[in-house]
Amino acid sequence: MLGNSGKLISEKAITVWRWTGALGALVSGAVIVGMAWILARFHAPKWCLGMLAGIWLIEVVLGVGWVPVLRQRRWRYAIREEEIDIERGVWSTKRTLIPMTRVQYVDVRQGPLLKRYGLASIAVFTAAAAHEIPALPADEAEQLCRLIAEWAKVADDNDA
C-alpha cells in the first residue's frame with residue numbers, strides 16, 4: 001500500500017464533496033418529505049415518520065460531515081515514469097496500479113464546483129477502464145496530465 005509515501009489530494013476536496021453531499025441530501029430530503037406526507041395522509045404510525053427523519057439525519061451527518069473528510073484523507077496517488085499508483089477507499093482500501101504502457105488517453109476534467117475552488121480531476125483511460133485522480137489544484141492537474149501523456153507517449157488533444 002502507498003501509505004504515507006503517496007501524495008494526498010487537495011483539502012479543498014472536502015468542501016466540494018460536502019457541497020455535493022448537501023445537494024444530494026436536499027434531493028433525498030424532498031423525497032422523504034413527500035413520503036412522510038403520503039404516510040401521514042394514510043395515518044401511518046408516528047414511528048414511521050420518525051424513522052424516515054432518522055434515516056435522513058444519518059445521511060446528512062455521514063454524507064456532509066464525516067465521509068468527505070475520510071475520503072480526502074484516504075485518497076493517495078503516485079505518478080512514476082513506469083506506472084500510476086492510486087489508493088482510495090473510506091471503509092476498505094482499493095489500490096490500482098496502471099502501467100504507463102497501458103495508458104491510451106489522459107484528460108483533465110473540471111466541473112462547476114471544482115472550478116469554483118480552483119480544482120480539477122485527471123482521468124486516465126486504458127483499454128479496460130477509466131481511472132480518476134480527483135480534486136487536484138488545477139495547475140498541478142494540467143502539469144500531471146502533460147507528464148503522464150509524455151511518459152505514456154499519448155498525443156495531447158491541444159497539440160492537434
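I looked up the interface between domain 1 and domain 2: the two bury about 820 Å² between them, 85% of it on carbon and sulfur atoms. Buried area here is the accessible area (1.4 Å probe) that two parts lose on being put together, summed over both. The model is predicted, with local features requiring pLDDT of at least 70 and side-chain atom pairs pLDDT 80 or more, while totals for chains, interfaces and linings use all residues. Residues are numbered from 1 along each chain as its sequence is written, and side-chain values use heavy atoms, without hydrogens and water.

On the domain 1 side, I noted that K12, V16 and W19 lose the most area to domain 2, together 46% of what that side buries.

I then checked the bounds, which come from an automatic or database domain assignment: domain 1 spans 11–72 and domain 2 spans 76–159. Their C-alpha centres lie 31 Å apart. The contact (heavy atoms within 4.5 Å) takes 11 residues from domain 1 and 8 residues from domain 2.

I searched this interface for salt bridges (a side-chain nitrogen of Lys or Arg within 4 Å of a carboxyl oxygen of Asp or Glu) and recorded 0.
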